[in-house]
Amino acid sequence: MRYPLTMTSLSGRIAVVVGGGVVGERKVRSLLAGDVPVRLVSPSATEQIAAWAESGEIEWTRRRYQDGDLDNAAIVFAATSVRAVNREVGEAAHRKNLLINVADAPAEGNFHSPAVTRHEDLIVSVSTYTGQPGIATSARDRIAALLG
């Protein structure tokens, strides 16, 4: 079953991103663009993530994932380079009935992120049924070009 939606308020709740590498950075960037509060859990992070943490744009818990890290979360992204950790995060999120995106094993999550473009007050998101993000990204780019 597929059901697209746009989240409009995470008042009092946050997005948790586990993993501070390139994929985690991409997830954080997208969440920040949507004004979503972010908690990153990772012992290390990219320079950009470190800069966001330094400026107070995100909260960075500088250690490995552990029980309790998903407390107060509305949405979770498992984006580490360690398969076992991503699986653990996914299982914990499912136990808590949270929305979970598992970057390296999409079938273990219950949502995936669409390709998005923003233009003035418009948000356009493109997704596929086939799990081929390249198709969605290409369509998003063509739409973005039309919007100027």
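What covers the buried residues of H1?

1. **How to read the model.** This is a predicted model, in which local features need pLDDT of at least 70 and side-chain atom pairs count only at pLDDT 80 or more, while totals for chains, interfaces and linings use all residues. Residues are numbered from 1 along each chain as its sequence is written, and side-chain values use heavy atoms, with hydrogens and water left out.

2. **The sheet.** Five strands make an open, parallel sheet, ordered S3-S2-S1-S4-S5. Strands here are DSSP runs of E with at least two residues, helices are runs of H or I with at least four, and both are numbered from the N terminus; two strands pair if DSSP finds at least two bridges between them. Strand S3 (59-61) and strand S5 (99-102) are the edges, each pairing on one side only. From one strand to the next, the twist averages 15 degrees. Strand S4 (residues 73-78) is joined to S5 by four bridges, and Ala78 has Val102 as its bridge partner in S5.

3. **Helix H1 on the sheet.** Helix H1 (residues 22-33) packs on the sheet and touches strand S1 (14-18), strand S2 (38-41), S4 and S5; contact means heavy atoms within 4.5 Å. The directions of H1 and S1 make about 165 degrees. Such angles run from 0 to 180 degrees between N-to-C directions, with axes fitted to C-alpha atoms, for helices over the stretch in contact.

4. **The buried side of H1.** Gly24, Glu25, Lys27, Val28, Leu31 and Leu32 are the buried residues of H1 (buried is under 20% relative accessible area, exposed over 50%, partly exposed in between, with a 1.4 Å probe and protein chains only). Because they cover an arc of only 160 degrees around the axis, they sit on the same side of H1; the arc is taken from the directions from the helix axis to the C-beta atoms. To answer the opening question, their cover includes S1, S2, helix H2 (47-54), S4 and S5.

5. Asp35 follows H1 and has a positive phi, near 60 degrees. Ser9 lies in the segment before S1 and counts as exposed because its relative accessibility is 54%. Ser9 and Asp35 are 26 residues apart in sequence, with their C-alpha atoms 9.3 Å apart in space.

6. **Domains.** The chain is divided into domain 1 (12-106) and domain 2 (113-145), with bounds from an automatic or database domain assignment. Their C-alpha centres lie 22 Å apart.
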